[in-house]
Amino acid sequence: MKALGVEVNLENIGDPVAKGERIPSWMKEIISRLAMEDCSYSYCPSKGLLETREFLAARNNTNGGPRISADDIVFFNGLGDAIAKVYGFLRTTARVICPSPTYTTHSSAEAAHAGTRPIWYPLDPQNKWYPDLEELRNRVKYNPAVSGILVVNPDNPTGAVYPVRVLKEIIAIAEEFDLFIVADEIYRNIVYNGHETMPLSAVIGDVPGISMKGISKELPWPGSRCGWIEVYNSQKDPHFAKYVESIVNAKMVEVCSTTLPQKAIPRILEHPGYEAFLDGRRRRYERFSEIAYNTLKKVDGVITNRTNGAFYVTVAFEKDRLNHQQRLPIGDKGVERLVEELCAAPGMEPDKRFVYYLIGAAGLCVVPLSSFNTDLQGFRFTLLEQSELKFRKTMETLATSIEEYLESTAAGSSLPRRVMTTQ
Ligand SMILES: Cc1ncc(COP(=O)(O)O)c(C=O)c1O
């Protein structure tokens with residue numbers, strides 16, 4: 001579409017730097033000083049630099065949960081790498097139940113390890129995108145293959161932040177059915193709107209668990225390819241201890257992960273400018289989440305929740321509101337033809353069709369919700385735009401595009417909803 005002259009506003013990718021986030025000069029100075037030290041160019045220990053793991057363990061140990069040491073931390077080349085290893089070394093028949101919708105790197109890696117489809121529990125758009133805990137409990141209870149529960153908090157794609165009560169209930173389910181927890185906490189310090197949550201380690205008690213953390217979103221430095229896992233209560237269960245050992249052994253074979261970003265972590269997190277920098281970003285996401293919510297909550301036919309963490313908003317279409325006759329007017333004939341061709345692909349999801357029309361007609365690129373391992377229809381966009389004026393305009397465009405698209409067929413035949421057969 002760009003080649004046909006459409007100016008595309010990319011609201012689809014969770015990379016703050018690509019969306020214009022400026023890296024403060026004190027952070028660049030720390031990194032450039034490290035780049036002048038020869039030791040930044042060497043391998044580091046397989047689990048990661050000892051001083052950085054000690055620093056991170058000490059930070060974790062202030063929250064009153066199970067104490068960890070540097071030995072309980074393993075670095076990876078980004079969380080993408082950690083996710084592949086964590087599921088890849090699980091016994092094929094042991095399953096981790098994932099939220100739906102979810103960040104598909106998790107659900108795809110988990111499904112790939114088992115050679116089948118993801119097992120999932122629903123997040124409820126009618127209840128702030130919190131997990132349906134009764135469903136989770138039932139799906140765990142009646143599926144003996146489930147060995148672990150994945151929690152993404154704050155969540156991608158929904159922007160939900162789970163209250164402590166919800167986390168405790170998930171942990172209680174894990175305890176009752178002898179499961180471990182995987183918590184993706186990459187957005188843990190991007191929480192706003194006065195929302196309160198807790199890290200997994202503060203509420204996990206005696207349940208074995210793995211927390212995944214990283215610097216892609218928070219510093220933000222996604223190009224560093226640097227993330228880590230923290231393992232809690234590894235000695236409380238011999239099966240879990242063996243599983244963790246196999247993940248560590250895999251890292252040994254690989255030698256190690258990126259050295260320079262690991263060196264930078266304590267220096268950046270302890271810098272006097274760090275908190276103010278992060279706080280400024282949080283305040284911007286908070287303001288933009290408010291603008292998005294206030295604009296889209298008035299739109300008929302969709303469910304919009306206020307985002308309280310991370311930097312995404314997910315909007316769900318109400319059931320049966322989409323059909324394959326709906327469209328948006330596209331001025332350019334070539335672009336219109338291209339959109340029609342794309343939308344004619346077999347098995348086209350209705351929300352993906354909406355997204356193609358949105359790009360063609362309004363130059364706005366978002367992600368169809370159906371691509372996040374869910375049978376819900378909708379889309380996700382980011383709060384990463386730097387200009388408030390441009391963001392307000394984008395939200396207005398989005399609101400009018402949804403209205404126009406839904407109204408474009410008076411009596412469109414509703415589509416059969418895709419059935420997920422993952423259990
Ligand atoms: C929930 C979640 N986990 C992990 C990642 C990937 O992080 P990394 O850049 O460390 O691979 C992302 C990236 O969008 C994410 O949203």
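Buried here means under 20% relative accessible area, with exposed meaning over 50% and partly exposed in between (1.4 Å probe, protein chains only). Strand β9 covers residues 227–232 and is mostly covered, with six of its six residues buried. Strands, like helices, are DSSP runs numbered from the N terminus (E, at least two residues, for strands; H or I, at least four, for helices).

A word on the model itself. It is predicted, with local features needing pLDDT of at least 70 and side-chain atom pairs counting only at pLDDT 80 or more, while totals for chains, interfaces and linings use all residues. Residues are numbered from 1 along each chain as its sequence is written, and side-chain values use heavy atoms, with hydrogens and water left out.

Back to the sheet around β9. Eight strands make up an open sheet with mixed pairing, in the order β2-β9-β8-β7-β6-β3-β4-β5. At the edges sit β2 (73–76) and β5 (130–131), each pairing on one side only. Two strands count as paired if DSSP finds at least two bridges between them. In general, strands of a sheet pair through backbone hydrogen bonds, either parallel or antiparallel. β9 runs antiparallel to β2, with four bridges between them, and Ile73 has Glu230 in β9 as its bridge partner. Strand β8 (residues 209–214) is also antiparallel to β9, this time over six bridges; here Gly214 is partnered by Gly227. Elsewhere in the sheet, strand β3 (residues 95–100) pairs with strand β4 (residues 120–124) in the parallel sense, over three bridges. Within that part, Pro99 stands opposite Tyr121 in β4.

Next comes the ligand. It is surrounded by 13 residues, and the closest are Leu79, Asp184, Tyr187, Ser216 and Lys217; a residue counts as near if one of its heavy atoms lies within 4 Å. Helix α3 (residues 78–88) gives the most to this shell, with three residues. Sorted by class, the shell holds six nonpolar, four polar and three charged residues. For that sorting, Ala, Val, Leu, Ile, Met, Phe, Trp, Tyr, Cys and Pro are nonpolar, Asp, Glu, Lys and Arg are charged, and the others, Gly among them, are polar. A nitrogen atom of the ligand is 2.6 Å from a side-chain N or O atom of Asp184. On the oxygen side, a ligand oxygen lies 2.6 Å from a polar side-chain atom of Ser216, and an oxygen atom of the ligand is 2.7 Å from an N or O atom in the side chain of Lys217. Taken alone, the ligand exposes 400 Å², and the protein buries 92% of that. Such areas come from the Shrake-Rupley method with a 1.4 Å probe; for residues, only the protein chains shown count as cover.

What about the cysteines? The whole structure has zero disulfides, a disulfide being a pair of cysteine sulfur atoms within 2.5 Å. Cys44 has its closest cysteine sulfur in Cys256, but at 4.0 Å that is too far for a bond. Cys44 is buried, at a relative accessible area of 8%. Cys226 is in no disulfide either, as the nearest cysteine sulfur, that of Cys44, is 9.0 Å away. Cys226 is buried too, with a relative accessible area of 1%.

How values were computed
Polar contact = N/O pair within 3.5 Å; in protein donor to acceptor, adjacent residues only side chain to side chain.
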